[in-house]
Amino acid sequence: MPRLSYRRALTRALGDELARDEAVFLLGEDVQVGASLVTTGLAKRFGTERVRDTPLSEQAFTSFATGAALAGLRPVIEFQIPSLLFLVFEQIVNHAHKFPLMTGGQCRVPVTYLVPGSGSRTGWAGQHSDHPYSLFAHVGVVTVVPATPADAYGLLVTAIRHDDPVVVFAPAGAMDVRDDVDDLAPVPLGRGRIHRFGDDVTVVAIGHLVHDALAVAEELADQVSVEVFDPRTLYPFDIDGLTESVARTGRLVVLDDANRSCGMAAEIIASVVERVRLLAPPRRVTRPDGAVLPFAPALDRAVQPGRDQLATAIHLTMKDGS
Amino acid sequence: MTDADPVGLYRTVRLIRRFEERAVELVHGGQIVGGIHPYLGQEGIAAGVCAALDADDVLAGTHRGHGHVLARGADPARMLAELCGRVTGLNAGRGGSMHAADLSIGVLGANAIVGASGAIITGAVWAHRRRGRDTVGVSFFGDGAVNEGMLLEAFNLAALWRVPVLFVCENNGYATTMPVAGAVAGSIAGRAAAFGIPAVQVDGQDPETVRVAARAAVDRMRAGGGPELIEARTYRFDVHHTFEHAVRLDDYRPPDEVIRGRARDPVRIQGERLTDTDRAAVDVEVEATVDAAVRFALSSPEPDPADALTYLYASGLTARTGGG
Ligand SMILES: Cc1ncc(C[n+]2csc(CCOP(=O)(O)OP(=O)(O)O)c2C)c(N)n1
Ligand SMILES: [Mg+2]
């Protein structure tokens, strides 16, 4: 079976969609050379008209993409830094996302916002290390955070073909994951995936943390049977899939590499407890409230949710419920 | 090449004028909720610019956006129904005054966010041209927008990629209560010059002057030129927003300035170019159109609350409901 890295899966998805549909084009900063190592080779293959380097004008090129989408194209924007989404939050939420409703269904805005390297990139410190996916879920913009190369390919392809705006977070912690992949196919939005079945507790892990959750589940295998659920899409969320899992295990822990207050973990827990009576109080392992990632590596690690914290949360949930 | 059409131009400014006057009445009567930003006094700009456009062209406007939508040829009845929040409105009652749009005639919408239209129109024009059309676009904005980074970025992008967008600054002297002199360092035309965008200043109160300037710019753009800017000097005859009819703000505009400003009326200026008979005929026609629009709007059904989020997602995604 061919091995594929997460990063190359993104490249492959972009190349396949550019080849399949003339309406697709790519724009962003340094995408022709491929400074992110994701758009590598695409300008040579598809030309600089369809793989466009932009000036450093995030707000303008984000709304430029909205206009191009209103005129029938399918732009994909690559953002170099996750915090650039703060700069264009207004353009995405107030314009791209709101246009279909505000015009009474006269238009669609199929734009994909791709953020390769979201979350902590060790050593890049405070302004490069955010993971603002909950903001987009909150406002109702389709938000995906693939964990594996196959899902990175499949969800990016689906995002590009989707008729509404989609933000694709590709966590820095997952970019170098490699996997045996035999067939690459689109992955539907709003459908989670159980990576590991278990009986005692369901761990929901987002993005790169899926791999940490799997490692912890393996470590604890002789003490507790852990099910690992990867939502893949945060909005719309596969609440039916997760409910089915938690209804079996009766316990829930969420692992979320983002700030705690009003985060995805809170939303996931609330959505589950609205539907399922748990055997023990649910737990979440997240970044602290209001966290800014400090520079020094030990400090950076200290505010990211870790495997030890997850193991502890699992033990506590088991104890609470027994 | 469209030639001068004094009657057509008069019809447009007269229509916008009467539409806005009736809309203000409907605000006072409670049939339009939330109020409007009347385009009264600025009619000549939308009318003149839109007279220079062809069928494939696109435009995007502002919070003070009724004039742009009407001048482009949207159905006044459906426009007024939109302001009244009816299902028959251009946006099925989902947009209202500040979001009125008619994509079928290239109106990508009024827009409530100051400075937002430039980048959207630049992208739309670029995309249409990539798809083989001869489209040019117009981005309308006020003097307040020239201090928005988003718009200045759009100037740069349009100029850099030679996207034929006519940037039309409706300089009515104020952003709400803030005079231009208190907000704009340098000049509006100077901002265009910084990006190598040709700019002209015109008398926005004369619809024909605006049309001639827009025509010349559109012709150059269609012949392969990049973006251009027109600064149209104008005066808003009434309030910034109809809330000022209820809550009087301090005299931020000197009374004698208001008198002088209102003396240069685009409807009168264009009307004087018509024979009395022609003018009277247009007035009667416009009155009938606006009367019919009011009747249509007020007799149209209101949307069903069960459908409040019907158009939220073009993809057909449905949102979770908010109830317990
Ligand atoms: C980005 C943004 N900032 C502030 C506002 C609030 N606001 C609405 S209209 C307006 C004044 C705009 O002035 P100008 O651009 O000159 O247009 P005019 O109202 O004079 O037509 C302001 C401040 C807004 N809608 N958008
Ligand atoms: Mg103004």
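## Domains, cores and a ligand site in a predicted model

The C-alpha centres of domain 1 and domain 2 of chain A lie 26 Å apart. In chain A, domain 1 covers 3-180 and domain 2 covers 193-320, with bounds that come from an automatic or database domain assignment. Their contact (heavy atoms within 4.5 Å) takes 27 residues from domain 1 of chain A and 26 residues from domain 2 of chain A.

This is a predicted model, in which local features need pLDDT of at least 70 and side-chain atom pairs count only at pLDDT 80 or more, while totals for chains, interfaces and linings use all residues. Residues are numbered from 1 along each chain as its sequence is written, chains are lettered from A and ligands numbered from 1 in the order in which they are written, and side-chain values use heavy atoms, without hydrogens or water.

### Nonpolar cores

A nonpolar core is a set of buried Ala, Val, Leu, Ile, Met, Phe, Trp, Tyr and Cys residues joined through side-chain atoms within 4.5 Å; buried means under 20% relative accessible area (1.4 Å probe, protein chains only). The largest such core has 88 residues, of which L85(A) and F141(B) touch the most other members. Because domain 1 (3-180) and domain 2 (193-320) of chain A both give residues to this core, it lies between them. Beyond its neighbours within four places in sequence, F141(B) is in contact with residues including T62(B), F155(B), C169(B) and L229(B). A second, separate core of 56 residues includes V24(B) and V290(B).

### The site of ligand 1

Ligand 1 is surrounded by 15 residues (a heavy atom within 4 Å), and the closest are H63(B), R64(B), A112(B), N172(B) and Y174(B). The shell divides into six nonpolar, six polar and three charged residues. The table gives polar contacts, that is, pairs of N or O atoms within 3.5 Å.

| Residue and part | Ligand 1 atom | Distance |
|---|---|---|
| R64(B), side chain | oxygen | 2.7 Å |
| V114(B), backbone | nitrogen | 3.1 Å |
| H240(B), side chain | oxygen | 3.4 Å |

On its own, ligand 1 has 580 Å² of accessible area, and the protein covers 72% of it.

Key
Buried means under 20% relative accessible area, exposed over 50%, partly exposed in between (1.4 Å probe, protein chains only). A polar contact is a pair of N or O atoms within 3.5 Å; within protein, one must be able to donate a hydrogen and the other to accept it, and residues adjacent in sequence count only if both atoms are side-chain atoms. Accessible areas come from the Shrake-Rupley method with a 1.4 Å probe; for residues, only the protein chains shown count as cover. Ala, Val, Leu, Ile, Met, Phe, Trp, Tyr, Cys and Pro count as nonpolar, Asp, Glu, Lys and Arg as charged, and the others, Gly among them, as polar.
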